[in-house]
Amino acid sequence: MAVSTTKATGSPDTPGATRHHRPVIESRSIDYVPLAERHGKVWHLFPVWFAGDAHLATIATGAIGVALGGNLIWTAIAIVLGNALGTFFMAFHSTQGPQLGLPQMVQSRPQFGFVGALLVWVVALVTYIGYTAFNQVLVGSTMDHLADTPPSVSYIAYAVIGIVLAIVGYDFIHKASRWLTYLTGAGLAVFSVGIVVVAPFSADQLDLSAFTLAPFLIQLFHAAVYQLSWSIYVSDYSRYLPPTVGVRSSFWWTYLGAGFGGAWMMLVGAVAAGLFPKLGLVDAVVRAGDQLFDGFGVVLLLLSVIPLFTIGTLNFYGGSLTLLSSIDSVKRIPLTLGTRVATLVVLGVVSTGLAFSANDDFLTTFGDFLIVLGYLFTPWTAINLIDFYVVRRGRYSIREIFNPHGIYGRWNWRGLTAYGVGFASMLPFAVIGDVEGPLAHWVKGADITMLVGLAISSLLYLVLCRSLDIDAERTVITSADAGLDPDHAGHQAGAGHHA
């Protein structure tokens, strides 16, 4: 198998492959992180994903089951099970970062092709921008409620803070996440213990015999899809870790961080909705906190708003990497700090414009839109994980991923076919607002599309990859990545990474 291994502008060998110091402002973007620059401790993944989930948008997700008529105890069970399910797939993506030293979305090229990966990148970009605008509106309405701050001021401040922190980059995000985890964890612990002691719940809310299928399943799968949506981010924040941290440890620290953070915050939402079902989300959270003592409700609300700035930073940071990947697939560009800053500014302008254009129905309408985006990412998750853990077993050529004429091709028909069929198989079971697919009534309107999409995409991709010559590919990998890490003699990225 003769292929070109020419280094492109966006290749892993630029910039500064032998740099040993860590600058205050991150200089890398979508390029490979050499082993000489790897640093950090694997447990640092826990606070990144705990803080990433511990915010007001997660609280809103936990209130869904109660709002649909389920009682508190069964909503809580659905939340825990949904988080356990969705985080399982998300955490496996986290292990790819230390093994490959690449951002999450760039890793789609071996499955979909150098240009074909644009399919999922465009969807990822819309997701990043949409979630950012969603959170800007959420922060704006909350600050207007708490301090009469004009929403427009909050929108702009949110974007500016997120962009600045994203420019500083990876190390700052990790440090800020640790402090936020300590802060929000303490507040959640006080609320959790206090609300149990106060015990203001009615017998109906805790009645295990009052099971209703539809609210239970809808809450379970909303929680699962919410956690699965992190998949497009995950290895962005583990790619500087050395590969020696291993798959198991990076999986568990991510799983526990996201699982605990997501479930705990969703349970706060379920409790608030269960206690005050007739109030809006913000008022319900404040009133629930005030059950402990007057004033704690505002503290609890603020603790859930502050991490929204962290998730804003994650969205800008990941969105920048995805936009750079998309541009790099069409036109080779220098991967410098300047280009990263430029993409961050573009994302900030677009998301802020979307927030300013939001009307009273924006949160509901966009919530439905994000469900569709979740559908679009489910088959990608399946294909990416099957390829990494089963088909190629973590053996990739870093240089060939950045080579438009390399072994992974410009368009990979296997991944694209599995993706298209997997997505189409989900549509009959889809539930988007009041619109249901023709088979959704079989499960009482519950959205089980994630399970369908994961299964169909995985199985079809496995079948299609039976014709893939893995042995020939690995021969090319060994040659292509020779000398990739000059400071670590004998190391070859593709040959040294095993899932």
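This is a predicted model: local features need pLDDT of at least 70, side-chain atom pairs count only at pLDDT 80 or more; totals for chains, interfaces and linings use all residues.
Residues are numbered from 1 along each chain as its sequence is written, and side-chain values use heavy atoms, with hydrogens and water left out.

Student: Are helix α17 and helix α18 roughly parallel or roughly antiparallel to each other?

Tutor: Helices here are DSSP runs (H or I, at least four residues), numbered from the N terminus. Axes are lines fitted to C-alpha atoms over the stretch in contact, and angles run from 0 to 180 degrees between N-to-C directions. Helix α17 (residues 413–426) packs against helix α18 (residues 449–464) at an angle of about 150°, the axes being 8 Å apart. Angles under 35 degrees count as roughly parallel and those over 145 as roughly antiparallel, with 65 to 115 roughly perpendicular and the rest oblique, so α17 and α18 are roughly antiparallel.

Student: Which term describes how α7 lies relative to α8?

Tutor: Helix α7 (residues 118–147) and helix α8 (residues 151–168) have axes 8 Å apart and an angle of about 135°. That angle therefore makes α7, relative to α8, oblique.

Student: How many salt bridges does the model contain?

Tutor: A salt bridge requires a side-chain nitrogen of Lys or Arg within 4 Å of a carboxyl oxygen of Asp or Glu. By this rule, the count of salt bridges is 7.

Student: How many residues apart in sequence are E26 and R239?

Tutor: E26 and R239 form a salt bridge, with the closest N and O atoms 3.0 Å apart. E26 lies in the segment before α1 (45–53) and R239 in the loop between α10 (213–228) and α11 (247–275), so the pair ties together parts whose separation in sequence is 213 residues.

Student: Is R239 buried or exposed?

Tutor: Buried means under 20% relative accessible area, exposed over 50%, and partly exposed in between (1.4 Å probe, protein chains only). The relative accessible area of R239 is 0%, so R239 counts as buried.

Student: Which residue forms a salt bridge with R392?

Tutor: The closest N and O atoms of this pair are 2.6 Å apart. R392 is in the loop between α15 (362–391) and α16 (398–401), and its partner is in helix α19 (residues 470–480), 81 residues apart. At 3% relative accessibility R392 is buried, and the partner of R392 in the salt bridge is E473.

Note on methods: Helices (H or I, at least four residues) and strands (E, at least two) are DSSP runs, numbered from the N terminus.
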